[in-house]
Amino acid sequence: MGEVIVVTSGKGGVGKTTTTANIGTGFALLGKKVVLVDADIGLRNLDVVMGLDNRIVYDLVDVTEGNCRLKQALIRDKRYETLYLLPAAQTRDKNAVNPEQMKELCKELAQDFDYVIIDCPAGIEQGFKNAIAGADRAVIVTTPEVSAVRDADRIIGLLESEGKSNPKLIVNRIRPKMVKKGDMMDIDDIIDILAVDLLGIIPEDEYIVISTNRGEPAVANPVSIASTAYKNIVRRLTGENVPLMTLETDDGFFARIKKIFRF
Amino acid sequence: MFELILKLFGKEPASSKDIAKERLRLVLVHDRVNVSPQFMEVLKDDMIRVISNYMEINEKEMEVSLTNNKSSVALVANIPVNRMKRGVYTQE
């Protein structure tokens with residue numbers, strides 16, 4: 001029996017889909033059999049981020065409505081042997097599925113896969129309720145901004161009232177230089193306020209934009225700092241104890257030389 | 001530039017991180033109360049339980065609420081006392 005993990009945030013645009021894509025690909029890189037489920041019905045995007053948008057035939061709603069078998073709707077990623085995507089429907093809305101159907105679907109997927117990763121839509125309405133229904137555990141993505149942390153707090157409360165306690169937090173788009181200057185909330189501040197366990201931090205990384213442009217998850221890149229951060233997160237999700245990466249600001253040897261010549 | 005002058009005079013402005021933290025703290029006080037409608041009732045029951053060890057209070061007319069002004073949030077309780085209990089918890 002595999003594990004069902006939902007990636008959620010409340011606020012939109014904090015990196016849920018990117019995180020889902022990278023965690024999923026990260027599991028596949030470890031040789032785990034994993035399926036990504038796009039629960040954002042009507043606004044699907046995980047397919048685009050994964051670069052699998054041109055291979056969709058059936059979608060999640062086709063499965064729940066019985067238009068096709070589950071296996072027919074799964075898209076296998078040709079780059080990674082053990083990675084699959086179940087895309088969302090684009091021409092339907094959140095009410096096309098109910099939490100019971102999602103529970104059933106997750107159960108069925110968990111029999112075949114080591115990990116089922118669900119990309120939750122923004123908001124706290126039906127789409128959110130659907131996405132979390134079948135999840136064993138939740139990963140919350142936030143950014144170091146008042147609005148995103150506030151929404152994360154609300155989501156933590158809602159998850160608890162649905163009996164999903166002990167969610168894990170990912171703080172995305174940390175800018176070490178701004179944190180150092182005191183112009184961005186640091187991890188300790190956020191953890192202190194939300195009172196949840198930290199799963200990992202993702203530094204702001206331009207490579208995420210590039211990889212999203214290409215439809216290739218950043219985690220496969222050997223030099224991207226966000227890639228390292230996602231790999232660490234994936235290892236932590238498998239139960240491994242991986243220390244947090246230290247956020248170096250550009251004070252290396254070359255940066256110092258540069259500074260000397262500039263002034 | 002302005003900040004630089006302030007720094008020269010030793011008046012460093014509050015870092016924007018601290019402003020963010022403070023704003024977040026305030027907004028969460030209210031959010032967390034509103035998440036559960038039973039929150040205030042549970043709090044009230046707990047207060048009644050504790051206070052009843054020391055005095056008899058009028059539970060029906062008791063009022064508990066959160067009020068806020070710009071920079072702080074306060075728990076305001078108006079609890080009519082009927083009678084003090086004597087000798088139950090005298091200090092030694």
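Predicted model: local features only at pLDDT ≥ 70, side-chain atom pairs only at ≥ 80, totals over all residues.
**Pocket, cavity and interface**

Biologist: What volume does the largest pocket have?

Modeller: About 420 Å³.

Biologist: And which residues lie closest to its centre?

Modeller: G13(A), G15(A), K16(A), T18(A) and R173(A). They come from a lining of 24 residues.

Biologist: Which elements give two or more residues to that lining?

Modeller: Four elements of chain A do. The helices are α1 (16–29) and α10 (206–214). The strands are β7 (168–174) and β8 (197–203).

Biologist: Switching to cavities. How many of 30 Å³ or more turn up in the whole structure?

Modeller: The search finds one. The largest cavity holds about 40 Å³ of space.

Biologist: Which residues line the largest cavity?

Modeller: T18(A), A21(A), N22(A) and V49(A) are on the list.

Biologist: How do the cavity residues divide by class?

Modeller: Five nonpolar, four polar and one charged.

Biologist: OK, now the interface. How many residues of each chain are in contact?

Modeller: Twelve residues of chain B touch 13 residues of chain A.

Biologist: How much area do the two chains bury between them?

Modeller: About 1,200 Å². Carbon and sulfur atoms account for 60% of that area.

Biologist: How many salt bridges cross between chain B and chain A?

Modeller: The rule finds five. One salt bridge joins the side chains of D31(B) and R150(A), at 2.5 Å from N to O.

Biologist: And how many residue pairs are in polar contact across the interface?

Modeller: Nine, with both residues at pLDDT 80 or more.

Biologist: What classes make up the side of chain B that touches chain A?

Modeller: Five nonpolar, two polar and five charged residues.

Conventions
Residues numbered from 1 in each chain as written. Chains lettered and ligands numbered in written order. Heavy atoms only, no water. Contact = heavy atoms within 4.5 Å. Buried area = accessible area lost by both parts, 1.4 Å probe. Salt bridge = Lys/Arg side-chain N within 4 Å of Asp/Glu carboxyl O. Polar contact = N/O pair within 3.5 Å; in protein donor to acceptor, adjacent residues only side chain to side chain. Nonpolar A, V, L, I, M, F, W, Y, C, P; charged D, E, K, R; others polar. 1 Å grid on protein atoms, 1.4 Å probe; cavity = no way out; pocket = protein on both sides within 12 Å on 5 of 7 lines; lining within 4 Å. Points joined across faces, edges and corners; volume = space filled by probe spheres on them.
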